[in-house]
Structure formats: C-alpha cells, structure tokens
Amino acid sequence: MKVTLSWLREFAPGIDGDPVELGEILSALGLAVEEMETVGETVDGVVLAKVLDLRPHPDADKIQLVDVDRGDGQALQVCCGAFNMQIGDLIPFATIGTVMPNGMEIAQREMRGQTSNGMCCSAVEIGMGDDHDGILILNDRVADGAVLGMPLGEALGIEPDILWDLEVNANRPDAMSVAGVARDLAAALGVPFSFPDYDITTTDESIDGLLDITIEDPTLCGRFVATVLRDVTIGTSPAWMQNRLNQLGMRPINSIVDISNYVMLELGQPNHTFDLNTIPNGALRVRRARDGETLITLDDVERSLVPNDGVITNERDEIISLAGVMGGSTTEISDSTTDVLLEMAWWDPPTISRTVKRLNLSSEASTRFRRGCDWGENIDRAMRRFIQLAAESGVTAVDGIVDVPGETPDRTPLAVRSAKVNSLLGTALGAADMAGHLNSIGFGAEVDGEDLSVTIPTWRWDTATETDIAEEVGRMFGYENIERTVPKGEVAGGLSEYQQDRRLVREVLVGAGCDETLPMPFLAPGDLARAGLPEDGVTLTNPLHAEESVLRTSLLPGQLKAIAYNQSHRNGEVRFFEIDHVFLPAPEGQLLPDEREYLAVALAGSEAPAAVEVLDALDRALALPNVQLKPASPAGLHPTRSAEVVIAGRTRGHVGEVDPAALEAYGVEGRVAWLELDLGTVLDGPHGNRKYTPVSKFPSSDIDLAFVAPDSVAASAIEGSIRRGGGALLVGLELFDVYRGPGVDEGSRSLAYRLRLQATDRTLTDGEVADVRQSCIDQVAKKTGAVLRA
C-alpha cells in the first residue's frame, strides 16, 4: 500500500515532521516502510511543448525530425528516435542546458547533418515512470491554466511530495486505504483525525422504482448499497487525480474507472459500476453460483464457477458479475454509456478468498474484500465521495440509495481483562490507559473497574478476541516502549528419553565403524520394485521432479543407491546407517500414510553374521528384552540368509543379507549385510532394564562346542538352548565358525561356539565345567535336534 504525505494530511492536517521519523513511526505501528521516496520533483529546464510538425530525416530511417513550440511561437527542430507522437501532441521538452537525471547535459547537436535543439522526453528519462518505449504524451494530463513553455511540474499541477510504500499484513484491512493509515499515524502523533465533508447534490428524480435488489444468500453479502448516476460521459479524469493514481501505482484509464480506483485507495471501499441500460428493470440478485455455471469476465476470459462462488445476476438469473472479484463483460461501461448503476457492498471474506485463489484472479478490490472491508458508515461515505468526484465532470445522481442488509459480524461489546492484556504484552498499563489507546484508533472502549468493555469498529473485521485487542494496545503503546525481559521457565530444557535412546543408538553405530547417511525420502517409480519390495508406496500429486514422486516404504533403496555411488568411486566396503522416516500405506480408516522412524544398517562386503553382530551391540546398549531371530524371507533380502528380529515376542525388523537380484539391479558388487528395525516401536517398547552383576575375581574356563544342525534350524535357537543349559555360570557365548563341506551332510552345517564359564564366588572345578558342558549339549539336542559334531 502506497501513501503520500499530502493525501494523509487531508484527513489529519497535523501530521508533520521529518519524513524519515514519520516512516519509523509507521513501521512501529506495524505498517513497515519498505521504501520512501520524494515524488513530484521535475527536472529543471524541462518544459511543456507542443508538436508542430513531423517529417522523416533525409539520411536516417530510425530518426524523424520534430518541430516543437516551447512557448515562444517559434518552430524548434529536434531529432527524435521515437515515433509515437502526432501533430498537436503536448510533450515534455528538455531545453538546451538542461541536466538530465542521468547526468547528461542537453546541448545543440548535429545528427546525420540535421541540427537537434533539445530533446523530446520519455517518462523514464525525466523520472515520471518506467515507460521508455516512446515520448510521454501529456494531452490529458495538463492542469487547467497550463501554457506552452511552462515548467513541467507547474504545467501538470505536480508538487513535490513524500511517498511511503508500506507492507500491510493480512490482519490490517483498515490500513488498505489512505484514510486508515492516516487514522493510525494521527493517533500515534496525538493529532486530530477526521473525514472531510463530502457534500453532494442530487436531482429531483427518486431512486424509487429504478432498482430492485435482492440478497438471496445473506451469509454471502452483509450489505448491498446502490444508486443511479445520470449524464455520464466517458472522458479523461483531471490531472490532479491522474497524478495521485500514478503516484500510488495505478494507471489512469478513464473518468469513471479513475474515480472508482481513487475512492478505493482513499477510503478502502471497492466499488463497481454497471451500464444501467444493460440491466433489465434495474434488477439485481445476489446468490451463490451453481455447479457448471460460467461467466465471461471483463478480461474476456470465460470462468467456470463452483457453488461456493458469489455472483450477481439480473432478473433473468443470468450472471453478470463475480461478486467482489471482477465484473462481467455484458454490463461493462463503454464510451456510449450515459446511465450507470453504482454499487458498493460488503462480501464474506472467506468466500472471496477461496474464489480468488481458485481462479488465480487477484486484484486491488478483491484483496480488500478478502481481508475484510467496512460494512458500516464508510460505505455511505464512499458513495458520497464517488458522487462528489463524478459531479466535477457533469455527472448527476438521483435522489436516494437502495440499501439492502444481509448478515454482518456481531459487534456486541467484548469484555477485556486488563490483567490479561498486560500478561500478554509484559506491561503494567491501567484500564484507562488501554481505553485511551483503543479510542484513539476508533474502538469504543469503556472502563469497567479494572477491565474494559470494547466495541470493535466495523472496519476491523479481523479483530474478534481479547488477544486481538491486546495487539492493538501494544501497537499504540509502542512495542519499543515495552521493557525487554527474558521469560523464565520452571523446567529446564533437555532431551526426552526417546531422544536420549536415539542418540545412544547413533553412538553405538558410530562405534561399530558405521557412517550415517541421509538419502532423500523420495524415490523414483520402480525403485521399490528394483529392491525387491512391494510397489505400494504413496505417490505424490505435486512432486518437484518425476524421479522423486514416491514416498519410500523402506530405507533399503536409498542405502543401495549410496553404496552403488561409493563403489563407482572406488570406495567399496562402506558401512552405512540411517535413522529416518518411512511412509507405509495408510491403514483402513486412516487418511494419511503410516509414518514411522526406522533404523537401517548396510555393511557392504559383509555377510549376515556381521549384521547380527551390530544387532547384538544394540541389544547390549539398549538392554532389549528377549531378542530372538526367526527364520524368514523378507522382501528384498536373501531368501536363505535372513531372519525376522523378534523383541519381546513381537517382530520389530529384519536382519540378514540383501537379495543378490536387488544388488544387481542397483549395480552393487559383492554381498551386503542388512539390518532394518522399526526404531520407533523398539524405543517405545520395553528396554533398558539392565541387571548388574559384580565382576568376578575368579578365573574363567573356555570350552568349544560344535553342533551339526539342519539348515532349517536357526543358529539363534541353538544359542538359546546353550544359554539355558549353561545357566548362571555361562557368562560368554560366541559363534566363531560356520562350516559346510566334507564331513557334514548336505542340507546341514556345523556351528562352532565358544563358551566362557565363570562363577562369582569360586574357581570352577573340572567336574563343574564338565557338568555344564553336558547340560548344554543335552539342551541343544532336546530343543533343536542338533548333535555334537564328532
């Protein structure tokens, strides 16, 4: 939102001071100044001139000779490279000796044998705009009484002014107007603020019978006000209005459109004009669109509408306008228009916002409607202002208006606790001080003991709660005046138990020689299938890249890509781990995917036992209860060298080797040991219950046992049987050899274990060691059928 100092002073004449300081005050009020500049300064030596003649340059195709009158009645020849002028046009002319903003001094020059006595100027050359495609034509912009040879600023009625470009947030609809900014700034400076009197004169013709307006959906339109303008002549707006519109970034179009934009910028009330002759019997209906309806808008684009959109129709129920967004082409003002239906309304902000976003059809008007305009007296004020400005060009208004009410927000006084406001702001303001700040910006605040009763003004649709009121008090008191304090919390921050355990997992894996990797969670179509996994990943509807359109259901594809990349760079036997999220298909009745945190360990060049060793290290660190390996053939893993990881009777992951087919698909050489756990459920489940025993001071005894067992018998089953047979005296157990070959039947293998026996209170005798040895052999034979290898 752009505002000028002179325009602000029309509402608060007392606004004065250094422009930089005023800008700082605006920023402190929440209207951050993004840029400040001085506008209206013209270049000394540039005057108003008239084109007398145009003719080709005899020796140059891209230059023409222009004769101009700079006020002395004499034709002065100029060489010019622009061709957008016509005889009789008024233009800015830089006389000899003028120093242009870019530092160039205008002098008499010869151009291909022709003398150029000055320069015809474009807008950009004299700092009056960004247009550099042609000479600036001033026919419709000169002020009354302007004569040739007059300094350009005087001829256009331009005076130097200060312009601020403000950042207005969505929660400040009142600041989307010059009047709204002036109200805030006047309150901050402590100077009076008031609206000018917009006196109007109407004809004897009554509005009765001219218009018939019906609001069929009162939740869509809170108020609809309309009147009729006669004797309309489409022309150009006065120079002063064009100058202000240009300064605030709006291009002048014609007298009616310019007044419409001017009133919107000044008072914040958008409006719309219809050609009355295109509306049968002056009948308008306000309703929501029906599915399948369309409208050709003013930009000649056919828009498809949905039931949420608000529309205005004629008596034949034909849509003629997209409410609060853009009018329709069938009722557009044209050069032949003489009678105009002028409407101003308050539209439901969420409805307008949804329509604007869906159609990508934002405008200055819709931006104000979607933030929330004033449904109160400002509509009447804007109506009078429009009529007043239009009267300057001979337009007349009939007597009266049509005012149809709908549903508007409740403005029952809001109870505000001063203690609550102070607690939110960190201040110690009294109720009277708060009331003073609120009343200065138009709120109706009454002191009730230590509390307030606040009536929120109709131009603050965004304000509804006690917290909103506290924000207004803070703005007007000045956030810079609030003492800075550091809040003290009763509980010091720290890691949760889950975070501590996850950090411990990382430490264990780093200690095992693994490096952490963080692949992207997105996969390309087919990545899951190449890894031997089901292709049931969630597909994104708006991926950044097609090769990143599937959410992973396993960490395996990302790890295989990382290993393949390293092997391609001669970094073969890598040891990676990853802790990150996977996205499993949504369970029945759940909308979003089942997002879980997984742990994966990939050991390139290693076999399954290496992954089991990592699992054992995690088991020892986390004190996991009853960890067992159950033979299985998980998807993506080797069918005979993999197992399910069962913790406390529940499957929590898989361990083993990656399927050779998956390795080949990803270009990975050798074997890859693999461990993948549902880390979230593991850490949320029972763990950490460690039983500490004293360190024995007595010597230990080691024995080796080798068992021949069918391939169908898991090594973990044999290990569990040995532990049961060894009891409390078994303090260490290690599988140190797996043998297949001569001496062992086909379909079986030899598993060699080293057992360490030790007591805490004595040195074990040979007999005790022999008894434990036999107990272990008996348990293995009984539970698994494995036999001691001879």
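This is a predicted model: local features need pLDDT of at least 70, side-chain atom pairs count only at pLDDT 80 or more; totals for chains, interfaces and linings use all residues.
Two strands count as paired if DSSP finds at least two bridges between them.

One of the residue pairs can be named: Val68 has Leu76, in β5, as its bridge partner. In general, the strands of a sheet are held in pairs by backbone hydrogen bonds, in either a parallel or an antiparallel arrangement.

The β4 and β5 pair belongs to an open sheet of five strands, with the order β5-β4-β3-β6-β9. Pairing in this sheet is antiparallel. Its edges are β5, at residues 75-80, and β9, at residues 119-120, and each of these edge strands pairs on one side only.

The structure holds one cavity of 30 Å³ or more. The volume of the largest cavity is about 180 Å³, and its lining is made up of 17 residues. Which residues lie nearest its centre? They are Asp174, Ser177, Leu267, Asn378 and Trp459. Two elements give two or more residues to this lining, namely α4 (178-189) and α9 (377-391). Of the elements, α4 gives the most, with three residues.

Among the residues nearest the centre, Leu and Trp are of a type counted as nonpolar, whereas Asp is of a type counted as charged.

Note on methods: Residues are numbered from 1 along each chain as its sequence is written. Side-chain values use heavy atoms; hydrogens and water are left out. On a 1 Å grid over the protein atoms alone, a cavity is a set of points where a 1.4 Å probe fits but cannot get out, and a pocket is an open set with protein on both sides within 12 Å along at least five of seven lines; lining residues have an atom within 4 Å of a point. Grid points are joined across faces, edges and corners, and a volume is the space filled by probe spheres set on the points. Helices (H or I, at least four residues) and strands (E, at least two) are DSSP runs, numbered from the N terminus.
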